[in-house]
Amino acid sequence: MNALETLLAAQPLTLGAAMELIIRQAEWQDEIIAHATALRQRHYGNKVYIRGLIEISSYCRKDCRYCGLRRSNDRASRYRLSRSDIYQQAKQGYELGIRTFVLQGGEDSYFSDERLEDIISTLKATYPEAAITLSLGERSAVSLKRLRLAGADRYLLRHETADESHYETLHPKPMTLRTRLDCLQTLKALGYQTGAGMMVGSPGQSVTTLAKDLLLLQSLSPEMVGIGPYIHAEDTPFGDAPDGDVDLTLYLLSLVRILLPRALIPATTALSTLDETARIRSLLSSANVLMPNLTPPMHRADYAIYADKKATNLESIEGLADLKDQLARHGLQLDMSRGDFKGSSNV
Ligand code: 5AD
Ligand code: SF4
């Protein structure tokens with residue numbers, strides 16, 4: 001069997017097969033995308049789940065070389081939302097029908113376990129039927145357990161790359177792939193619906209590192225997978241590096257849909273930032289989640305992880321009605337329910 005036949009027969013990929021899938025993109029992409037589309041349709045129909053994204057802090061103690069919010073970037077604008085800002089944004093989202101709140105931020109020690117427990121349990125008490133997703137970087141097992149007990153349902157933590165030396169290219173010491181993977185395992189063990197993923201075209205990425213990413217996703221089997229193109233970020237060590245490729249991103253999203261048919265996969269803002277049509281193209285094939293921005297408008301521009309981050313109406317909660325119309329024109333249905341992962345395993 002060649003790698004395409006292996007994939008379509010739902011057989012585990014070897015590193016060689018994963019590499020072959022990436023190398024033969026031009027030849028195989030139409031078939032892969034068609035297959036991904038059929039699987040997405042089978043498991044989720046034409047539904048696109050909506051999450052309200054609240055970017056709670058642009059402070060970060062980490063120094064990832066690709067990210068505009070890295071600690072060493074003294075040109076980044078920093079802000080953090082107060083508890084009442086967060087509640088106010090959640091209320092606005094809830095009234096518009098949002099049933100998943102994503103609290104995302106840099107690794108900001110201001111958001112201690114105590115503060116987060118308070119925020120999470122208050123949101124849960126106010127909106128018991130809403131899901132809470134956290135995207136707050138690496139935290140200790142003790143901390144993750146406390147936040148889970150406070151009511152957090154899901155956690156997004158991209159692995160960024162499954163290759164150790166590539167991980168070190170992207171992240172200075174003391175960050176290690178081991179710590180990241182341990183954190184992901186802890187999240188799964190604590191019963192979080194867990195999201196992993198990577199950027200496409202990050203500096204130092206190769207066919208081999210991408211193939212390792214696919215194998216990692218295959219074995220970890222996360223409930224959610226975030227994949228977006230790398231976009232250069234000013235005032236970072238990789239500020240001059242070229243942006244990632246949109247078609248390769250779309251292809252990888254389809255490969256992941258086939259590997260993990262029930263995964264919840266967002267059409268990322270990074271993808272629409274590079275190509276206006278790519279969001280719809282990804283939703284028509286493999287992706288089934290959108291995360292419009294619920295951050296207070298005055299702070300949106302400050303959450304600048306990369307250059308020219310798209311922030312039009314269609315990326316924002318204010319544009320929900322327009323988004324609904326745009327999706328409907330393409331036969332897609334905006335779905336405001338919690339949109340949990342379906343099933344007990346990802347096969
Ligand atoms: N381009 C694209 N994505 C980025 N991220 C961070 N910096 C960039 C960038 N320059 C992604 C990382 C991180 C997520 C929050 O944003 O994958 O996990
Ligand atoms: Fe901080 Fe996340 Fe940016 Fe890394 S990617 S510097 S952890 S905000």
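The model is predicted, so local features need pLDDT of at least 70 and side-chain atom pairs count only at pLDDT 80 or more, while totals for chains, interfaces and linings use all residues. Residues are numbered from 1 along each chain as its sequence is written, chains are lettered from A and ligands numbered from 1 in the order in which they are written, and side-chain values use heavy atoms, with hydrogens and water left out. Helices (H or I, at least four residues) and strands (E, at least two) are DSSP runs, numbered from the N terminus.

**The sheet**
- Six strands form an open sheet in the order β2-β3-β4-β5-β6-β7, with parallel pairing; two strands pair if DSSP finds at least two bridges between them.
- The edges are β2 (52-57) and β7 (224-229), each with a single partner strand, so one side of each has no neighbour in the sheet.
- On average, neighbouring strands of this sheet are turned by 20° against each other, direction ignored.
- Strand β3 (residues 100-105) pairs with β2 in the parallel sense over five bridges, and Leu 53 stands opposite Val 102 in β3.
- β3 also pairs with β4 in the parallel sense over five bridges, with Thr 100 opposite Ala 131 in β4.

**The enclosed strand**
- Five of the five residues of strand β4 (residues 131-135) are buried, so β4 is largely enclosed by the rest of the structure.
- Buried means under 20% relative accessible area, with a 1.4 Å probe and protein chains only.
- Ala 131, Thr 133 and Ser 135 are buried on one side of β4, and Ile 132 and Leu 134 on the other.

**Helices**
- Helix α8 (residues 177-189) lies across β5 (154-156) and β6 (193-200), at about 150° to β6; axes are lines fitted to C-alpha atoms, for helices over the stretch in contact, and angles run from 0 to 180 degrees between N-to-C directions.
- Helix α2 (residues 15-23) packs against helix α3 (residues 25-44) at an angle of about 95°, their axes 6 Å apart.
- α2 and α3 are therefore roughly perpendicular to each other (65 to 115 degrees).
- Glu 20, Leu 21, Ile 22 and Ile 23 of α2 make the contact with Gln 25, Trp 28 and Ile 32 of α3 (heavy atoms within 4.5 Å).

**Around ligand 2**
- Cys 60, Lys 62, Cys 64, Tyr 66, Cys 67, Arg 70 and Gly 106 are the residues around ligand 2, each with a heavy atom within 4 Å of it.
- This shell divides into four nonpolar, one polar and two charged residues.
- Ala, Val, Leu, Ile, Met, Phe, Trp, Tyr, Cys and Pro count as nonpolar, Asp, Glu, Lys and Arg as charged, and the others, Gly among them, as polar.

How values were computed
Parallel < 35°, antiparallel > 145°, perpendicular 65-115°, else oblique. Buried < 20%, exposed > 50% of the residue type's maximum accessible area, 1.4 Å probe, protein only.
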